[in-house]
Amino acid sequence: MAGGNERSRKALKEVWKRAENSLCADCGKPDPDWASSTLGVFICLSCSGIHRNIPSISKVKSLKMDYWDDAQVQFLAKHGNAVTKGIYEAHIPIYYYQPTYNDCQVLREQWIRAKYERKEFTEPGKQLPYSDGVKEGILWKRGRDNGQFLPRKFLLSEREGCLKYFTKQDAKEPKINVKIDVINATFQPEKIGNPNGLQITYLKDNKTRNIFVYHESGKEVVDWFNAIRSVQFHYLKVAFPIASDNEIKNRLTRNFLKEGYMEKTGPKQREAFKRRWFTLDHRRLMYFKDPLDAFAKGEVFVGSGENGYSVQKGLPSGTQGNFSWHYGITIVTPDREYLFTCETEADQLEWIRAFTSVINQAMTPQEYAIEAYFKFKS
């Protein structure tokens with residue numbers, strides 16, 4: 001018996017150390033140490049918890065602590081991440097968002113359920129709830145002024161190329177009608193205070209407008225998210241016919257580069273520093289009095305280094321404004337300097353890394369146009 005156990009452990013290690021099994025099959029996290037004995041995939045601890053919630057599909061065991069018999073090891077050897085992905089991820093639409101270990105729970109759970117439970121990607125041309133170019137339903141939307149979440153009817157239309165929402169079920173005219181090419185959507189469970197919280201942003205008169213929504217069903221809110229990406233993809237395919245699918249995919253919804261509180265002072269740099277919530281959305285640095293404000297109090301354009309933009313650690317000597325946080329950051333632009341302070345050194349270094357990643361990228365023609373608008377406005 002002991003010999004059989006040792007043989008199984010050795011065979012398990014051989015399968016486990018294959019290159020294809022070095023990342024979690026579901027979120028890509030390195031060094032997974034769990035596996036599904038019924039699906040044959042190697043997964044991380046976090047994803048194993050999601051698998052455990054669908055026991056009719058997946059039985060999970062620890063690769064380090066649990067006993068694996070010969071038949072189970074042979075099943076893993078026959079399958080593994082590459083073979084199983086070839087079955088369950090064979091026909092993923094290019095616009096479908098495949099989450100990583102950095103993404104929120106609802107995205108990762110619905111990705112796992114879509115693959116193994118609903119088998120959405122096993123057959124070509126399968127009709128999916130986010131793929132037919134139109135979606136209509138109720139989302140709970142936060143009121144801009146009163147902060148209450150109320151049910152609102154939303155309509156997404158590929159034919160019209162827009163997203164609408166209505167304040168009443170029977171309303172004929174929408175409250176908003178937003179073109180699909182100016183929309184972004186990103187999951188914000190912590191900020192919104194709901195595990196299925198979704199932030200939808202769009203440009204209005206070249207200013208960013210925020211809408212905060214959620215749905216009780218994780219599947220429904222993720223379907224809305226991927227429906228937006230689907231409509232955007234097909235819109236951009238028409239708008240940019242020579243662009244590759246991957247180029248278009250990279251222009252779909254995006255996560256913010258960094259968010260959090262900093263203090264800022266005014267343009268004279270003698271005013272008291274005030275705490276504000278900041279969002280860095282690529283080259284737009286927006287600041288809000290409250291994280292759930294519909295509109296930013298102001299925006300700063302962050303251009304490229306070759307155009308005179310830089311980020312510096314600390315504040316200029318002689319800075320006069322009163323500030324309570326002592327980890328300073330200076331953003332240098334061709335026209336002026338912007339001064340910020342962070343509560344901790346860790347926050348300071350994270351913000352500097354985020355700004356540096358943007359400044360090191362060359363600007364596109366569209367971004368030159370945005371920069372010109374910001375200069376004109378100021």
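Start by selecting every cysteine: a search of the whole structure, which is a predicted model, finds 0 disulfides. Zoom in on C24, which is in no disulfide; the nearest cysteine sulfur belongs to C27 and is 3.7 Å away. A disulfide here would need the two sulfur atoms within 2.5 Å. Colour by accessibility and C24 shows as buried, with a relative accessible area of 4%.

Now move to C47. Which cysteine has the sulfur closest to that of C47? The one in C44, at 3.8 Å, which is too far for a bond. C47 also counts as buried, at 1% relative accessibility.

**The three-stranded sheet**

Next, show the strands β1, β2 and β3. These 3 strands form an open sheet in the order β2-β1-β3, with antiparallel pairing. β2 (42-43) and β3 (60-62) stand at the edges with a single partner strand each, so one side of each has no neighbour in the sheet. Select β1, residues 34-36, and follow its pairing with β3: the two are antiparallel, over 3 bridges. For a landmark, pick W34, which stands opposite S62 in β3.

**Colour by domain**

The chain is divided into domain 1 (1-117), domain 2 (134-250) and domain 3 (258-376).

Check its backbone angles: K119 has a positive phi of about 50°, although it is not a glycine. Is K119 buried, partly exposed or exposed? Its relative accessible area is 41%, and K119 is partly exposed.

Continue to β4 and look at its partners. Strand β5, residues 149-157, runs antiparallel to β4, and 9 bridges join the two. Select I138 and you will find its bridge partner in β5, K153. The hairpin of β4 and β5 has 6 residues between the strands, and in this hairpin G147 takes a positive phi near 75°.

β4 also pairs with strand β10, residues 207-214, in the antiparallel sense, here over 2 bridges. Click on W140 to see Y214 of β10 opposite.

**Where domain 2 meets domain 3**

Keep domain 2 in view and bring back domain 3. Their centres, taken over C-alpha atoms, are separated by 27 Å. The contact takes 13 residues from domain 2 and 13 residues from domain 3. How much area is buried between domain 2 and domain 3? About 1,300 Å², of which carbon and sulfur atoms give 49%. On the domain 2 side, select K191, N206 and T208: these lose the most area to domain 3, together 43% of what that side buries.

Stay with K191 for a moment. The count between domain 2 and domain 3 is 1 salt bridge. Show E259 beside K191: the two form a salt bridge, with the closest N and O atoms 2.7 Å apart.

**Last stop: H282**

Finally, select H282, in the loop between β12 (274-281) and β13 (284-288). Its phi is near 55°, a positive value in a residue other than glycine. H282 counts as partly exposed, at 25% relative accessibility.

Technical notes
Residues are numbered from 1 along each chain as its sequence is written. This is a predicted model: local features need pLDDT of at least 70, side-chain atom pairs count only at pLDDT 80 or more; totals for chains, interfaces and linings use all residues. Side-chain values use heavy atoms; hydrogens and water are left out. Buried means under 20% relative accessible area, exposed over 50%, partly exposed in between (1.4 Å probe, protein chains only). Helices (H or I, at least four residues) and strands (E, at least two) are DSSP runs, numbered from the N terminus. Two strands pair if DSSP finds at least two bridges between them. Domain bounds come from an automatic or database domain assignment. Contact means heavy atoms within 4.5 Å. Buried area is the accessible area (1.4 Å probe) that two parts lose on being put together, summed over both. A salt bridge is a side-chain nitrogen of Lys or Arg within 4 Å of a carboxyl oxygen of Asp or Glu.
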